[in-house]
Amino acid sequence: MRTPCGAATPSRFLPWLLALLAVVAPACDDPDGPEPPATAPAGKVSFSFAGVRSGSFTVDGGLMRTQAGEPVYGSWAAAGQSGDTLLVAAFRGDKEPRGTAIVLLMRSALAPGDHPLSALCTAAPCGQGVLMFDVNLGDVFRQQPPSLEDFYVITSGTARITAVSGGRLRGSFNGTAESFVGGAAGEILITGGSFDVPLLSDF
């Protein structure tokens, strides 16, 4: 995973903002940056959620970017790799320019297996995840953090990798996500999660 263009931000969401930014922004190996792809292969992510927010999430599409590298509004799912860490990200366009996003990070993840999810991934194999509502991808591209009230950290659960082959990553996940601010914002239970996403070479 190469460093995204303009990766500095004072946001307290820095790790997750940069994880999502790594997907939506082109990587920089030179001052001008590479020519970004027009459309990535399609990826699928789906899950149900209940609690202080409830509903279902399903996307089946490829990430599109303009020639300037800015993400085109729409729904997509993709994955990337950095060393032995795999990242899965998905965005569902709800009402332009905003939508819902989920990001999963799995460490020691180059072979099928289970990765316990928690707020702190300290003993690999392990994983982390966030669920974000009302996200503006344009703001992410410009490194503006999401609202505290719309940001949920997965504190328990499991991400299971079933296959890493043919340029794709497949697996399942479930867990409990807690509001970053706590209190009345409460918890969300994530069930029946699955992913079948392309591993993009330009992360």
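In the predicted model, Phe-57 counts as buried, at 0% relative accessibility. Phe-47 is likewise buried, with a relative accessible area of 3%. A search of the whole structure finds eight aromatic pairs, and one of these is formed by Phe-47 and Phe-57, whose rings are stacked with their centres 4.8 Å apart and an angle of 15° between the planes. This pair links distant parts of the chain, since Phe-47 belongs to strand 1 (residues 43–51) and Phe-57 to strand 2 (residues 55–61), 10 residues apart. Both rings also take part in one aromatic cluster, which is made up of Phe-47, Phe-49, Phe-57, Phe-133, Tyr-152, Phe-173 and Phe-195.

The protein chain as a whole contains two helices and 10 strands, and these elements follow one another along the sequence in the pattern α-β-β-β-β-β-β-β-α-β-β-β. Of the 203 residues in the protein chain, 47% are buried. Among contacts with a separation of 6 or more, 58% are between residues 24 or more positions apart. The protein chain exposes about 8800 Å², of which carbon and sulfur atoms supply 53%. The mean pLDDT of the protein chain is 80, and 75% of its residues reach 70 or more. Over residues 1–14, however, the pLDDT is below 50, although this stretch has 40 contacts in the model beyond near neighbours in sequence.

Strand 7 (residues 126–136) is mostly covered, with 10 of its 11 residues buried. Strand 7 pairs with strand 5 (residues 98–107) in the antiparallel sense, over nine bridges, and within this pairing Leu-105 stands opposite Gln-128 of strand 7. Strand 7 is also joined to strand 8 (residues 151–165), to which it runs antiparallel, by three bridges.

Side chains of opposite charge can pair when their charged atoms come close. A search of the whole structure finds six salt bridges. One of them is formed by Asp-134 and Arg-98, with the closest N and O atoms 3.8 Å apart. Because Asp-134 lies in strand 7 and Arg-98 in strand 5, the pair ties together parts that are 36 residues apart in sequence. Asp-134 counts as partly exposed, at 42% relative accessibility, and Arg-98 is also partly exposed, with a relative accessible area of 33%. The contact between these side chains thus accompanies the antiparallel pairing of strands 5 and 7.

A further salt bridge joins Arg-160 to Asp-114, the closest N and O atoms being 2.5 Å apart. Arg-160 is located in strand 8 and Asp-114 in strand 6 (residues 113–116), so that this pair ties together parts 46 residues apart in sequence. Arg-160 is partly exposed, with a relative accessible area of 41%, and Asp-114 counts as partly exposed as well, at 36% relative accessibility.

The side chains of Arg-168 and Asp-196 meet in another salt bridge, with an N to O distance of 2.8 Å. Since Arg-168 lies in strand 9 (residues 168–179) and Asp-196 in strand 10 (residues 187–198), the pair ties together parts that are 28 residues apart in sequence. At 19% relative accessibility, Arg-168 counts as buried, because that class covers values under 20%, whereas Asp-196, at 24%, counts as partly exposed. Arg-168 and Asp-196 are linked with Arg-170 in a network of salt bridges.

Another aspartate, Asp-139, is found in helix 2 (residues 137–141) and is partly exposed, with a relative accessible area of 23%. When its neighbours within four places in sequence are left aside, Asp-139 is in contact with Arg-98 and Gln-144. Arg-98 is therefore a residue that both touches Asp-139 and forms the salt bridge with Asp-134. Asp-139 and Pro-97, although 42 residues apart in sequence, are 9.5 Å apart in space, C-alpha to C-alpha.

Technical notes: Residues are numbered from 1 along each chain as its sequence is written. Side-chain values use heavy atoms; hydrogens and water are left out. Buried means under 20% relative accessible area, exposed over 50%, partly exposed in between (1.4 Å probe, protein chains only). Helices (H or I, at least four residues) and strands (E, at least two) are DSSP runs, numbered from the N terminus. Two strands pair if DSSP finds at least two bridges between them. A salt bridge is a side-chain nitrogen of Lys or Arg within 4 Å of a carboxyl oxygen of Asp or Glu. Contact means heavy atoms within 4.5 Å. Accessible areas come from the Shrake-Rupley method with a 1.4 Å probe; for residues, only the protein chains shown count as cover. pLDDT is the predictor's confidence in each residue, from 0 to 100. Rings of Phe, Tyr and Trp (its six-membered ring) pair if their centres lie within 6.5 Å; planes under 30 degrees apart count as stacked, over 60 as edge-to-face and the rest as tilted.
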